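Please examine the sequence and the predicted model shown below. The paragraphs that follow go through selected elements, pairings and surface features in turn.

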Amino acid sequence: MINMTGMLGRIAIAVYYYIYCVQNPAFITIFMMMQMLVGTIVMPFAPKVMEKLGNRMTAIISMLIQGGSMLVLFLGPATNVAFVFVVLVIYGLGYIAGPCGSVMMIDAWKKSGKLFTIGYQNRLRTDTQTLHKSCEAGELGEIYFAKAHALRRRAVPTWGVFPDKSKQGGGPLIDIGAHALDITLWMMNNYEPASVSGQVFYKLGRSANGPEGNVFGPWDPETFEVEDSAFGLVKMKNGATIYLEASWALNILKSMEASTTLCGTKAGAEIHHGGSYPNNELIYNFAEHGQLMEKTISPAGVVDFFEGGASAEGVAEQSQWLKAIQGKGEPLVKPEQAFVVTQILEGIYQSAETGKEVFF
């Protein structure tokens, strides 16, 4: 968190410096391009460096490199292209820290002896719990292909800091895409990504006609800084593949979020939740007696004087967390699992920015 805050602060200072002090906005492009180019080259070496020096020391060295180079840049002849080029190469070396911020958080948790979890409450829905039991029982066989769905047609959140990249960090990919990916990885019980490639789009969010029909009301396209849609292809170490799709605004007919499609060697299954689906759907598909079959959850029906229904997933999440604190069980969402979700999402952003596949 400290490293990310520092990085965003340095970018903001650089933008202000080149626009208002040097009065040459063209240098902003050089600044962003060079640091990311060098960062892309050095980041694959991050795991080895962290292993040798330790996460804390790697983060300290990274911040010293980037902070020192920025100081030299501001004090030196910043209108000299060759000077700026050399300094930014040095600045880019600071990206050797890679994902050490998240790793340090995991390390701090392990040393603390405390409980730590992440709010992925969609695991506690009735449909996701049912499908997870099927996956644990091996009813789908080996799940080798999956889709994580987090698609909204026009449902851009217009309150708070959602459109502000410096405060939010990203758009639908880290907002609702994280939940869809978490469900999918949890069903597959596969947390070993090998590589990821992806693309993010800044289309409807910055279009003058983009806000039309938004369920949360209009937004200002001039101040909309995050992506409005993102897509990623994740290859796992065992060869399995996951396609992730996330959007706040996309010209589609069918929308859903916190949903998944699983394809196994014995059967397949799909969860449709939210958006175009007022009621959650869990559909299994398989072959039986020479026929292609489908199986769904049967509605509970109506009983006099009893409304029925299970607790909302948010309440169920609180309940299982309190039980874990009381020593009556383990937290459902493990920090290591949430770390992999973050790792994949960051990889998609990095792949989109560099145009290259990111390897883990």
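**A buried helix and its surroundings**

In helix α10, the buried residues are G177, A178, H179, A180, L181, D182, I183, T184, L185, W186, M187 and M188. Because 12 of the 12 residues of α10 are buried, this helix is largely enclosed by the rest of the structure. From its first C-alpha to its last, α10 reaches 17 Å, close to the 16 Å expected at 1.5 Å a residue for its 12 residues. The residue that follows α10 is N189, and its phi is positive, near 50°.

Side chains of opposite charge can pair when their charged atoms come close. In this predicted model, a search of the whole structure finds five salt bridges. Among them is the one in which the side chains of D182 and R123 meet, with an N to O distance of 2.8 Å. D182 belongs to helix α10 (residues 177-188), whereas R123 sits in the loop between α6 (100-112) and α7 (126-136), so the pair ties together parts that are 59 residues apart in sequence. Is this pair buried or exposed? D182 counts as buried because its relative accessibility is 1%, which is under the 20% cut-off. R123 likewise counts as buried, at 0% relative accessibility.

Another salt bridge joins R125 to D127, and their closest N and O atoms are 3.0 Å apart. Both R125 and D127 are buried.

The pair K235 and E357 also forms a salt bridge through its side chains, at 3.9 Å from N to O. K235 lies in strand β3 (residues 229-236) and E357 in the loop between α12 (335-354) and β9 (358-359), so this pair ties together parts that are 122 residues apart in sequence. K235 is partly exposed, with a relative accessible area of 38%. E357 is partly exposed too, with a relative accessible area of 32%.

F359 counts as exposed because its relative accessibility is 60%, which is over the 50% cut-off. Which residues does F359 touch, not counting those up to four places away in sequence? They are A194 and S195. The C-alpha atoms of F359 and V196 are separated by 6.6 Å, although these residues are 163 residues apart along the chain.

A further surface feature is nonpolar. L53, M57, I60, I61 and L64 form a nonpolar patch on the surface, and together they have about 430 Å² of accessible area. Helix α4 (residues 55-75) supplies the largest share of this patch, four residues. L64 is placed in helix α4, and this residue counts as exposed at 61% relative accessibility. An α-helix has 3.6 residues a turn, so residues three or four places apart point the same way.

The description can now turn to the protein as a whole. There are 12 helices and nine strands in the protein. Of its 360 residues, 43% are buried. The accessible surface comes to about 19300 Å², and 59% of that area belongs to carbon and sulfur atoms. Among contacts between residues at least 6 apart in sequence, 73% join residues at least 24 apart.

How values were computed. Residues are numbered from 1 along each chain as its sequence is written. This is a predicted model: local features need pLDDT of at least 70, side-chain atom pairs count only at pLDDT 80 or more; totals for chains, interfaces and linings use all residues. Side-chain values use heavy atoms; hydrogens and water are left out. A salt bridge is a side-chain nitrogen of Lys or Arg within 4 Å of a carboxyl oxygen of Asp or Glu. Helices (H or I, at least four residues) and strands (E, at least two) are DSSP runs, numbered from the N terminus. Buried means under 20% relative accessible area, exposed over 50%, partly exposed in between (1.4 Å probe, protein chains only). Contact means heavy atoms within 4.5 Å. Patches are made of residues with over 30% relative accessible area and no salt bridge: like charges are joined within 9 Å, nonpolar side chains (Val, Leu, Ile, Met, Phe, Trp, Tyr) within 5 Å. Accessible areas come from the Shrake-Rupley method with a 1.4 Å probe; for residues, only the protein chains shown count as cover. The expected span of a helix is 1.5 Å times one less than its number of residues.
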